[in-house]
Amino acid sequence: MRKGRLEDRQKFTTGQFARLVESSRTTVVRWIEEGRLRARRTVGGWYIIPRAEAVDFLWDLAFSKRTPLRIWQAASAAYEKLSGEDELAKKAARAAVAKPK
């Protein structure tokens with residue numbers, strides 16, 4: 001299996017997302033089943049969370065008043081990692097397009 005930084009992924013399993021927000025896999029599955037986190041199911045029945053959904057959910061989680069402090073801290077840090085890298089990639093792409101010949 002390919003090893004790399006968790007923040008570089010385009011989609012996450014429930015276990016990977018749980019590691020990112022420092023919670024349990026069971027909690028992530030509960031969020032999905034409650035409809036708080038959108039994910040799709042694979043043919044084998046596993047959940048896959050797209051990166052865009054993960055970023056949106058982390059934003060909501062970081063600003064929810066009901067979020068426990070430990071998860072709030074992890075969600076805020078994960079959001080910064082995921083959204084910050086997306087912004088850097090967009091700026092680099094814009095700079096490459098705007099570069100005069």
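Mentor: A residue is called buried when its relative accessible area is under 20%, exposed when over 50% and partly exposed in between, with a 1.4 Å probe and protein chains only. This is a predicted model, in which local features need pLDDT of at least 70, side-chain atom pairs count only at pLDDT 80 or more, and totals for chains, interfaces and linings use all residues. Residues are numbered from 1 along each chain as its sequence is written, and side-chain values use heavy atoms, with hydrogens and water left out.

Ser 23 lies in the loop between H1 and H2, the helices being DSSP runs (H or I, at least four residues) numbered from the N terminus. With a relative accessible area of 17%, Ser 23 counts as buried. Leaving aside neighbours within four places in sequence, Ser 23 is in contact (heavy atoms within 4.5 Å) with Ala 18, Val 28, Trp 31, Arg 70 and Ile 71.

As for the helices themselves, H1 (residues 14-21) packs against H2 (residues 25-34) at an angle of about 105 degrees, their axes being 8 Å apart; these axes are lines fitted to C-alpha atoms over the stretch in contact, and angles run from 0 to 180 degrees between N-to-C directions. H1 is therefore roughly perpendicular to H2, a term that covers 65 to 115 degrees. On the H1 side the contact is made by Thr 14, Gly 15, Phe 17, Ala 18 and Val 21, and on the H2 side by Arg 25, Val 28, Val 29, Trp 31 and Ile 32. By class, this contact of H1 with H2 has seven nonpolar, two polar and one charged residues, where Ala, Val, Leu, Ile, Met, Phe, Trp, Tyr, Cys and Pro count as nonpolar, Asp, Glu, Lys and Arg as charged, and the others, Gly among them, as polar.

Notes: Helix = DSSP H or I, 4+ residues; strand = E, 2+ residues; numbered from the N terminus. Parallel < 35°, antiparallel > 145°, perpendicular 65-115°, else oblique.
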